[in-house]
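Hi,

Here's the structure I promised to pass on.

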Amino acid sequence: MKEEYHRQVTAEALGDQLSHEELEIVIQANVGQDGVWNWLTTPERHYDGRFFAKAEAYIDEERARAVDAFHRGDRVAALQAMGRLLHTRQDFYSHSNWMQHCAAKGAAKGAANTAHWDAADPAICLDTQADPQIFGVRAPFLIHALYVIPILGPLIKRIYLPADYHEAMHLDDPSRGPLFAPSLVAARKHTRLEWERVMSTL
Ligand SMILES: [Zn+2]
């Protein structure tokens with residue numbers, strides 16, 4: 001998910017919970033996760049690849065850090081931990097096939113059936129490891145390094161781009177079609193849920 005959408009989703013989900021300054025602390029920690037080195041070396045923080053267990057472990061770790069910091073009265077550290085975990089949680093909706101999966105399931109049941117698919121109010125995934133059909137985008141280090149080479153990169157991408165690669169299936173921005181907008185709604189709903197989960201422990 002591109003930085004501006006992490007920002008938008010976080011602000012929409014938590015805008016009524018935090019002051020402007022506090023919201024900015026969460027957002028800065030969130031978008032700070034997207035440095036190139038971080039992206040290449042810790043794919044689980046972006047829900048990339050097949051690292052779902054690692055991604056959830058990372059979210060659990062940061063959630064525990066947030067709860068601990070809130071209890072200690074260190075609100076800045078708590079909000080920063082929230083920002084980091086929310087980045088991973090939000091990236092699930094742009095870096096997995098969850099949205100495609102829900103839309104296909106809804107279509108199979110008929111347009112009138114909104115139990116599985118309502119573009120305005122899509123379901124969130126409460127257990128990303130429960131369904132083996134749900135998988136994340138793959139972004140192998142070397143291939144990705146080749147893709148970003150000017151001129152040559154786009155050419156390589158045209159010749160070699162497996163369907164489950166990040167460049168083929170991500171929902172990082174509106175250019176990716178009709179599933180992008182619902183992916184933001186799902187990310188927003190899950191962001192709110194993560195916030196409420198931490199608040200319920202205080
Ligand atoms: Zn990311």
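What span should the 12 residues of helix α1 have, and how far apart are its end C-alpha atoms? At 1.5 Å a residue, α1 (residues 3-14) should span 16 Å, and the end C-alpha atoms are 16 Å apart, so the two agree. Bear in mind that this is a predicted model.

Staying with α1, the buried residues there are Y5, H6, V9, T10, A13 and L14. Looking down the axis of α1, these buried residues fall within an arc of 135°, so they line one face of the helix. What do they pack against? Their partners are α2 (20-31), α5 (75-95) and α10 (180-199).

Two of those partners also meet each other. The axes of α5 and α10 come within 9 Å and cross at roughly 150°, and the crossing is right-handed. On the α5 side the contact involves M82, L85, L86, R89, Q90, Y93 and S94, while α10 brings S183, A186, A187, H190, T191, E194 and V198. Sorted by class, that contact has 7 nonpolar, 5 polar and 2 charged residues.

Is Q129 buried or exposed? Q129 counts as exposed, because there are 11 C-beta neighbours inside 10 Å and the cut-off for exposed is 12 or fewer. Setting aside neighbours within four places in sequence, Q129 is in contact with F52 and A53. As for C102, it is 27 residues from Q129 in sequence and 15 Å away in space, C-alpha to C-alpha.

Cheers

Terms used. Residues numbered from 1 in each chain as written. Predicted model: local features only at pLDDT ≥ 70, side-chain atom pairs only at ≥ 80, totals over all residues. Helix = DSSP H or I, 4+ residues; strand = E, 2+ residues; numbered from the N terminus. Expected span 1.5 Å × (residues − 1). Buried ≥ 20, exposed ≤ 12 C-beta atoms within 10 Å, placed from the backbone. Arc of directions from axis to C-beta. Contact = placed C-beta atoms within 7 Å. Axes fitted to C-alpha atoms, helices over the stretch in contact; angles between N-to-C directions. Left-handed = near helix turned anticlockwise from the far one by under 90°. Nonpolar A, V, L, I, M, F, W, Y, C, P; charged D, E, K, R; others polar.
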